[in-house]
Amino acid sequence: MSQALALAEQARLICPPNPAVGCVLVGADGQVIGQGHTQPTGQAHAEVMALRDAQARGHATAGATAYVTLEPCAHQGRTGPCADALIEAGVRKVVASLQDPNPRVAGQGLARLQAAGVEVEVGPGAEVARELNIGFFSRMTRGRPWVRMKVAASLDGRTALPNGASQWITSDAARADGHAWRARACAVLTGIGTVLRDDPRLDVRLPSATRQPMLVIADSQWRTPLAARLWQVPGRRVCIVGASADAGREQALRERGADVLQQPAAEGRIDLSALLVELARREVNEVHVEAGAQLNAALWRAGLVDELLLYQAPRLLGEGAPLAALGPFAELAQGPQLEYIGVDRIGPDLRIRARVTGR
């Protein structure tokens with residue numbers, strides 16, 4: 001199962017919106033005869049890749065045990081049911097880390113295997129497998145993506161100087177690591193303030209990158225410039241979210257290549273909760289937030305942030321922009337409560353991962 005989980009890790013950057021799954025086939029003699037992981041959307045799942053690998057190696061799969069990090073699917077989607085493929089291959093036993101939370105599967109794959117006489121075991125590697133697919137589980141069980149907020153800040157929590165200068169607070173190593181986290185998301189969310197102030201591309205600039213997450217811009221008044229650098233990323237989907245109707249401006253953005261979406265709330269603001277539901281409908285598993293203090297604060301206030309990814313540089317800036325314009329609070333208990341799940345050195349900086357308590 002550890003080998004299957006390592007294979008699932010390899011799939012994480014290429015397979016969204018599908019879950020990252022690994023599969024290892026072990027023959028009756030205890031030797032590995034095939035292995036594979038989820039391929040890009042519309043291509044083979046992990047189980048089929050492992051069966052193909054065994055066939056290519058000349059191994060018979062009858063009587064084999066399949067170690068797979070998620071319940072084999074039992075429905076016809078973009079590909080055929082993996083449970084049926086394992087049954088047809090004569091697999092004797094399936095060990096799965098987790099039951100699939102997708103309502104179209106949700107135990108049906110395991111039931112189909114058992115009905116065909118295949119022995120089933122569930123549980124080994126469950127915690128790691130769920131963490132690998134935390135966004136997929138969020139979308140299936142909560143109806144919204146997992147929201148991870150990335151912030152680069154000084155030791156005293158400043159993300160920019162009072163004049164707006166922020167390049168660069170953290171090191172090259174921290175920025176490269178941030179790109180790796182950006183790459184695993186289905187969507188990058190930013191605000192119009194960041195677009196107007198920094199003119200960022202917000203793309204993944206890693207040699208290993210095979211896809212670009214969709215860029216989502218919270219732009220209540222449709223102010224995104226038609227000549228901004230964000231349009232320079234070939235093939236990337238851009239979704240601009242506004243809070244009011246402006247037919248002329250919306251049409252101009254559509255002609256520039258954007259998907260235009262209205263999500264109005266009170267006082268001319270964007271309904272962020274409704275936006276996340278819509279992104280889930282569009283099969284977004286993880287949202288990677290790279291925004292300014294105002295949008296960050298709005299997400300915190302709405303209770304929509306699941307995890308904070310904080311890169312902290314060993315320097316002090318004194319006054320400047322905070323990571324989120326929260327407060328003022330009258331009591332300590334009013335602030336969001338988090339728990340650390342990881343603290344690591346990335347070059348000269350710290351990478352702190354903190355998760356909202358109970359998530």
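Q: Buried or exposed: which is Thr-65?
A: Buried means under 20% relative accessible area, exposed over 50%, and partly exposed in between (1.4 Å probe, protein chains only). Thr-65 has a relative accessible area of 7%. That value falls under the cut-off, so Thr-65 is buried.

Q: Which pLDDT must side-chain atom pairs reach to count?
A: Residues are numbered from 1 along each chain as its sequence is written, and side-chain values use heavy atoms, without hydrogens or water. The model is predicted: totals for chains, interfaces and linings use all residues, local features need pLDDT of at least 70, and side-chain atom pairs count only at pLDDT 80 or more.

Q: In which strand does Thr-65 lie?
A: Strands (E, at least two residues) and helices (H or I, at least four) are DSSP runs, numbered from the N terminus. Thr-65 belongs to the run at residues 65-68. That run is E3.

Q: Which side chain makes a polar contact of 3.2 Å with that of Thr-65?
A: A polar contact is a pair of N or O atoms within 3.5 Å; within protein, one must be able to donate a hydrogen and the other to accept it, and residues adjacent in sequence count only if both atoms are side-chain atoms. Contact in general means heavy atoms within 4.5 Å. Beyond four places in sequence, Thr-65 is in contact with Val-24, Leu-25, Val-26, Lys-93 and Val-95, among others. At 3.2 Å, its polar partner is Arg-92.

Q: Which strands do the buried residues of H6 pack against?
A: H6 spans residues 134-142, and its buried residues include Phe-136 and Phe-137. The buried set packs against helices H5, H7 and H10. The strands it packs against are E6, E12 and E16.

Q: Which residue caps the N-terminal end of H10?
A: In H10, the buried residues include Leu-272, Leu-275 and Glu-278. Just after the helix, Glu-283 takes a positive phi of about 65°. At the N-terminal end, a side-chain oxygen lies 3.3 Å from the backbone nitrogen of Ser-273, and it comes from Asp-271.

Q: What distance separates the C-alpha atoms of Arg-112 and Ala-280?
A: Arg-112 sits in helix H4 and is partly exposed at 33% relative accessibility. Its contacts beyond four places in sequence include Pro-81 and Asp-84. Ala-280 is one of the buried residues of H10. The two C-alpha atoms, 168 residues apart along the chain, are separated by 28 Å.

Q: What is the radius of gyration of the protein chain?
A: The chain has eleven helices and 16 strands. The radius is taken over C-alpha atoms, and the globule rule is 2.2 Å times the number of residues to the power 0.38. For 359 residues the rule gives 21 Å; the chain comes close to it, so it is as compact as a globular protein of that length, with a radius of 23 Å.

Q: What share of the protein chain's contacts with a separation of 6 or more joins residues 24 or more positions apart?
A: The C-alpha atoms fill a box of roughly 65 × 45 × 40 Å along the principal axes. Buried residues make up 52% of the chain. Of the contacts with a separation of 6 or more, residues 24 or more positions apart account for 69%.
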